[in-house]
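Visitor: I would like to go through this structure one point at a time. Please start with the terms.

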Amino acid sequence: MLIWRVLSAVVGIPLVVAAVVVGGPVLLLFVLILALLAAHEFITKCRAAGINVPGVIVYPVVFVAPTLAFAWTEPPLLPVLQGAITLSGGEMALALLATMLYLGIGSLLFGIVRYHRDQSIQVVRDVGATALGGLYIAIPWSFVVLVRTFPYVGAAAEGALRLETGAKLLLFVFLVTWATDVTAYFVGRSVGKRKLTPVSPNKTFEGAVGGLVGAIAAGMCAGVVLGLPLSFTWAAALLLGVMGQMGDLAKSILKRDLGTKDFGSLIPGHGGSLDRFDSLMVNAPIAFFCALAVFGG
């Protein structure tokens, strides 16, 4: 198991870093692939547990929400599309509301059709799982795009990496999230004794504390290398260290309720997209709002 984790990291980390640094359509494609894979994993496991989650509802929402975030913050991919794709804040809000309306009303309409055919189905359960799947996946991955396109906030510190602010922020999120996972895993395996929660029986209190310490240490180091201000790095690292582990537990309770060990097998040693990026899906929105509080929009 450990060797697969290491090999996956050796291959995967450079790909993630490259997508973050390049940004633009490359990052959007990266986000859409992982988000749609996560949606597929969620739908598949729900159906295996007897919960009907229609792909025709979830997939479009998961595709549209990050794309809207990109269209709101990035220039159009082609000059000829100027004005046709770039969205104002108001247009973005309306488009997102329309997407959420499609998710909510579409789930109910799909439930009506299914109940017409089979009155034994549990409509509230199916509709609730469909709405949860759409929101749980689409919104966090949209924030990955928003973090990467965060506006320029000033000159970098002397000796810091010369990257766009959004690239620095998203690299910071990934590095702190990875450090939390790694330190929690190894501390928990080596000295962990007190069980953290029945939600995830293998996690320990000692591992959680180790993950938090790892997050803060990595955040402070990454902040220096990336040239991010101390007012952001310490607060963001602390929050990411806590909330990233909560994201892991949120995924764990979904797996426990659905009776599955992993959501997928995309990444050897880690599982599927939901298994690998569960902490990131919580940390990206947290980092965005931390940056907004410190730097302003």
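Guide: A polar contact is a pair of N or O atoms within 3.5 Å; within protein, one must be able to donate a hydrogen and the other to accept it, and residues adjacent in sequence count only if both atoms are side-chain atoms. The model is predicted: local features need pLDDT of at least 70, side-chain atom pairs count only at pLDDT 80 or more, and totals for chains, interfaces and linings use all residues. Residues are numbered from 1 along each chain as its sequence is written, and side-chain values use heavy atoms, with hydrogens and water left out.

Visitor: With which residue does the side chain of Arg-276 make a polar contact?

Guide: Arg-276 lies in helix H9, residues 273-276; helices (H or I, at least four residues) and strands (E, at least two) are DSSP runs, numbered from the N terminus. The contact spans 2.6 Å and joins the side chain of Arg-276 to that of Asp-181.

Visitor: Is Arg-276 buried or exposed?

Guide: Buried means under 20% relative accessible area, exposed over 50%, partly exposed in between (1.4 Å probe, protein chains only). Arg-276 has 17% relative accessibility, so Arg-276 counts as buried.

Visitor: What is the relative accessible area of Leu-230?

Guide: Leu-230 has its place in helix H8. Leu-230 counts as exposed because its relative accessible area is 54%.

Visitor: How many helices does the protein chain have?

Guide: Along the sequence the pattern reads α-α-α-α-α-α-α-α-α-α. There are zero strands, and the helices come to 10.

Visitor: What percentage of the residues in the protein chain count as buried?

Guide: The protein chain has 297 residues.
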